[in-house]
Amino acid sequence: MSEPRDTEGGTRRLPVLEKETAAAGPPPPPASGAGGGPAGRFWSTRRVPAGIVALLLLLLAGAFLYDVVAVRAGRPALAWRRELARQLAERPLDDTWVLVGAGVTAALGLWLLALALTPGLRRLLPMRRTHPDVRAGLDRDAAATVLRDRAMEVAGVRSARVRVRRRKARVRALAHFRELDDVRTDLGGVLDDAVRGLGLARPPAVSVRVARPGRKG
């Protein structure tokens with residue numbers, strides 16, 4: 001079969017369309033157990049409390065160090081340290097100010113221990129980890145907004161208020177028509193699906209309360 005020629009007498013090859021082999025299907029799902037591991041709470045950096053404590057300790061240690069160096073150099077101790085030593089020597093242990101100071105110190109110590117041992121960032125709800133190097137969290141207000149929008153889609157719901165905590169999501173809705181039991185049932189099913197769709201590591205339990213709007217006047 002002769003090749004087609006162009007108007008100038010040269011030989012021109014016809015274009016050829018190459019069809020790539022299509023993939024056999026979607027990529028296989030990851031094997032079980034290949035997830036990102038457990039999703040723990042987010043820990044706060046505690047910059048402000050740590051900075052305040054460090055500054056106070058620095059000032060206190062600097063004042064004592066300066067006074068000790070001054071005494072070693074032959075100068076008299078500062079008046080505040082002499083007064084502090086006299087008060088500690090003369091005041092009994094059951095004195096009111098001693099008890100107040102001890103209580104304040106103990107409360108401050110317990111507060112620092114609580115900050116050190118608790119994660120903080122309670123407004124962030126951990127989401128399921130699908131990759132070991134990626135952690136995601138959902139703000140509680142954002143989760144409440146999603147649940148409220150889904151609640152407003154239920155027939156008969158006039159308004160809804162949602163408060164999301166780490167373990168429970170409380171929903172308070174007002175229904176202006178339909179039976180309250182029917183609205184509560186539909187609302188519970190919709191919100192259960194919505195909570196599962198949030199992708200949280202520990203989905204909160206949903207508590208639904210439906211009432212009629214109050215009479216005006």
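**Exercise 1. Find the largest pocket, give its volume and say what lines it.**

Solution. Start with the size: the largest pocket has a volume of about 190 Å³. That is the space filled by probe spheres set on grid points, with points joined across faces, edges and corners. A pocket here is an open set of points on a 1 Å grid over the protein atoms alone, where a 1.4 Å probe fits and protein lies on both sides within 12 Å along at least five of seven lines. Next, the lining, meaning residues with an atom within 4 Å of a point: there are 10 residues, and Leu 125, Pro 126, Arg 166, Arg 167 and Arg 202 lie nearest the centre. Last, sort the lining by type: six are nonpolar, four are charged and none is polar. For the sorting, Ala, Val, Leu, Ile, Met, Phe, Trp, Tyr, Cys and Pro are nonpolar, Asp, Glu, Lys and Arg are charged, and the others, Gly among them, are polar.

A word on the ground rules before going on. This is a predicted model, where local features need pLDDT of at least 70 and side-chain atom pairs count only at pLDDT 80 or more, while totals for chains, interfaces and linings use all residues. Residues are numbered from 1 along each chain as its sequence is written, and side-chain values use heavy atoms, with hydrogens and water left out.

**Exercise 2. List the elements of the chain in order.**

Solution. Count them up and you get five helices and five strands. Helices (H or I, at least four residues) and strands (E, at least two) are DSSP runs, numbered from the N terminus. Reading from that end, the order is α-α-α-β-β-α-β-β-α-β.

**Exercise 3. Work out how helix α1 and helix α2 sit against each other.**

Solution. Take α1 as residues 47–72 and α2 as residues 79–90; their axes come within 10 Å and cross at roughly 100°. The axes are lines fitted to C-alpha atoms over the stretch in contact, and angles run from 0 to 180 degrees between N-to-C directions. So α1 is roughly perpendicular to α2, a label for angles of 65 to 115 degrees. Now for the contact (heavy atoms within 4.5 Å): α1 brings Ala 63, Phe 64, Asp 67 and Val 71, and α2 brings Trp 80, Arg 81 and Leu 84. By type, that's five nonpolar, two charged and no polar residues.

**Exercise 4. Is Asp 67 buried or exposed, and what is in contact with it?**

Solution. Asp 67 is found in helix α1. Its relative accessible area is 0%, so Asp 67 is buried. The cut-offs are under 20% for buried, over 50% for exposed and partly exposed in between, using a 1.4 Å probe and protein chains only. Leaving aside neighbours within four places in sequence, Asp 67 is in contact with Ala 77, Leu 78 and Arg 81. For the whole chain of 217 residues, 19% count as buried.

Notes. Parallel < 35°, antiparallel > 145°, perpendicular 65-115°, else oblique.
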